[in-house]
Amino acid sequence: LKRIITLTTDFGAEDHYVGSMKGVILGINRNSVIVDITHNINNHNIFNAALNAQNFYKYFPNNSIHVVVVDPGVGSLRKPIAVQSEHGIFIGPDNGVFSLILEQDQKASVYEITNSEYMLDNVSNTFHGRDIFAPAAAHISLGIDIASIGMKVDSPIILNITKPVVNDDEIVGEVVYTDHFGNLTTNIPSNIIGNPREIHLDGYIIDTVAKSYQDVEIGKLLAIIGSSGFLEISVNQGRAADVIKSRKIIVKK
Amino acid sequence: LKRIITLTTDFGAEDHYVGSMKGVILGINRNSVIVDITHNINNHNIFNAALNAQNFYKYFPNNSIHVVVVDPGVGSLRKPIAVQSEHGIFIGPDNGVFSLILEQDQKASVYEITNSEYMLDNVSNTFHGRDIFAPAAAHISLGIDIASIGMKVDSPIILNITKPVVNDDEIVGEVVYTDHFGNLTTNIPSNIIGNPREIHLDGYIIDTVAKSYQDVEIGKLLAIIGSSGFLEISVNQGRAADVIKSRKIIVKK
Amino acid sequence: LKRIITLTTDFGAEDHYVGSMKGVILGINRNSVIVDITHNINNHNIFNAALNAQNFYKYFPNNSIHVVVVDPGVGSLRKPIAVQSEHGIFIGPDNGVFSLILEQDQKASVYEITNSEYMLDNVSNTFHGRDIFAPAAAHISLGIDIASIGMKVDSPIILNITKPVVNDDEIVGEVVYTDHFGNLTTNIPSNIIGNPREIHLDGYIIDTVAKSYQDVEIGKLLAIIGSSGFLEISVNQGRAADVIKSRKIIVKK
């Protein structure tokens, strides 16, 4: 079956790790379509993986399988899990990487991956991406019943992710992510912003939400609704991350 | 249809951006063959994107679709365009990224992408790669008539790219690109070089065009015809970019 | 044919080089399944390429074709070769990148790639990855007889790779590879380690082989059997490479 399997990890691009995972997947389902999301999640940064996972899955067909492996606890007792949500199947460690997925789909089912038929014969202590998660994804892509993979998990681990505080005259949020361009994504969704009077952060005041980076001069700070639907702080052709050092942001209504 | 869609951007490898573009493409045409060229064009460097685009398309079948997105003006009034050339279809912003393609194929047709049927339902202000260029490429890969995408553009933006000056006794060119190995590509094409007496740059004199890096000792500077057909300056097993700091190069005939 | 072709190079991710190789491959066999292993082998580091090649091929089907190009001698007299081993076909320069493959499969056949039918029409002096190795891989993926590619090579180049010294009371090995996480892979295979009394390196003593990174506190040094089956030195959620600066390691039995 020509099912999509995406890969999101902190494995980097220098070693053979991701390639070995792909070999395992293609050995089981040669027709799967493997898509790299990123392998440059900051090492061991579960929160960043959770944020990224929330942003891309909407752009994939609902029967896609998303493998997300940021796994400082590999080899310990943390569970390997498969999440069946309405927007796709998610596979990875039970350490919070799927927090935002599970929050958005309260009816999602979570299974512990325990069926050794769907693992490699020898499971290493350090590389479950290759030995457990990749083969699980590949077998699921062939259409096996996800419930055959293991028992249901009642309380998967959910990270405590800060929400913005909404008051009568202001919203107090924070910067949660810095991207490749140095753009700063906040936790303030576009639908609660309205038409703010001022935005305050790190001593700077921004007086409008721009429609385009070029609404301000090159090198100037701006606020804009980013592509993930949250308020972002940017610099036209520059790096906001080099200018803004604190994480708190206040939107004055 | 098993059409090739290549992607060249400055989006980097850390975020979900490229992955989201691939989700959009595969959601429209699951059989397309997506090939990453690079996502590490220097941020906002339209000239580098133009140079790279010129170099790879020749190695792809002529019905390939090449998406090139280096787009500091995203969300502003610059046009999204699709270029039908004899060597393939090129999709990206009308900001000069296709300068060399358009220069080489004067008969290419350029269309503004305005038909919202071929865009995502919600077009963000900051990510036209995902919302406009990816779906346009995917729809074109399914065989739609490219003219249905929008009106013809008469004068697409062409960068003013410096050509070498050819005199009776010398060619005066410049370094235009530095690659991963620190090799310096010049704007002097192999067919005008002949058998030069000397090559002068940054106080160094090179007295021959080598046939292989190993024609000189390890660590020594050399001139060679590079893989893109232009004169390059290299160091055997080293980085010419660490040695040569000026951009001017003179080939003495 | 839906044959897998993997790519391992030191070409980096900034330029069009890898993309051009993929264009060549897909132009010859549109149905091949191209898998990037890594393009970030340290520049010109044949030994690192040899180590990586040894680790991933086992996870691919045996009819896969593995292109490995770390090639400081490109354009010189070193031979381009294709290796037919029981675990797959390997294509690249005859400079030692296949040392460990050839050591493990003494019956492997090695052919010099000389048949110009299986090369691009114009072979550059600097980019045999695109002009020789990629088309050779693609033609082989279509099922040509590998012997038609050129004459047999009797003595391919084998690197002199250090093996650990095993004494009655200790094993003396060394660190041979540092990965993305700063984990240090040694040349000591798991099957000769047993249950060691102590592991000495760079003034540190580790007194057990851990089953998981989390067997020690965050920030602490540990020894573990790595995913490639060799002893590795790691720091729980940290970088062993930042702590351990010498390469010698002694396992006290």
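1. The area buried between chain C and chain B is about 2700 Å², and carbon and sulfur atoms give 54% of it. On the side of chain C, the residues that lose the most area to chain B are C:His16, C:Arg30 and C:Thr126, which together account for 23% of what that side buries. The model is a predicted one, and these values are computed from it.

2. The contact between these two chains takes 30 residues from chain C and 33 residues from chain B. The count of salt bridges between chain C and chain B is zero, whereas 16 residue pairs are in polar contact, both residues being at pLDDT 80 or more.

3. Which element gives the largest share of the side of chain C that touches chain B? It is helix H1 (residues 17–28) of chain C, with eight residues. By class, the residues of that side divide into nine nonpolar, 15 polar and six charged.

4. Across the interface of chain A and chain B, the rule finds zero salt bridges. The polar contacts there number 17 residue pairs, again with both residues at pLDDT 80 or more.

5. The remaining points concern helix packing within the chains. Two packed helices are described by the angle between their axes and the distance between the axes. In chain C, H1(C) packs with helix H4 (residues 128–141) at an angle of about 35°, their axes being 8 Å apart. The crossing of H1(C) and H4(C) is right-handed. From H1(C), the residues C:Ser20, C:Met21, C:Val24, C:Ile25 and C:Ile28 meet H4(C) residues that include C:Ala134, C:Pro135 and C:Ala138. This contact has seven nonpolar, three polar and one charged residues.

6. In chain B, helix H1 (residues 17–28) and helix H4 (residues 128–141) pack at about 35°, and their axes are 8 Å apart. H1(B) passes H4(B) in a right-handed crossing. Among the residues that make the contact are B:Met21, B:Val24 and B:Ile25 of H1(B), together with B:Gly129, B:Arg130 and B:His139 of H4(B). Seven residues of the contact of H1(B) with H4(B) are nonpolar, three are polar and one is charged.

7. At what angle do the corresponding helices of chain A, H1 (residues 17–28) and H4 (residues 128–141), cross? They cross at roughly 35°, and their axes come within 8 Å. H1(A) passes H4(A) in a right-handed crossing. The contact includes A:Ser20 and A:Ile28 of H1(A), as well as A:Ala134 and A:Ala138 of H4(A). Its residues divide into seven nonpolar, three polar and one charged.

Notes
Residues numbered from 1 in each chain as written. Chains lettered and ligands numbered in written order. Predicted model: local features only at pLDDT ≥ 70, side-chain atom pairs only at ≥ 80, totals over all residues. Heavy atoms only, no water. Salt bridge = Lys/Arg side-chain N within 4 Å of Asp/Glu carboxyl O. Polar contact = N/O pair within 3.5 Å; in protein donor to acceptor, adjacent residues only side chain to side chain. Contact = heavy atoms within 4.5 Å. Buried area = accessible area lost by both parts, 1.4 Å probe. Helix = DSSP H or I, 4+ residues; strand = E, 2+ residues; numbered from the N terminus. Nonpolar A, V, L, I, M, F, W, Y, C, P; charged D, E, K, R; others polar. Axes fitted to C-alpha atoms, helices over the stretch in contact; angles between N-to-C directions. Left-handed = near helix turned anticlockwise from the far one by under 90°.
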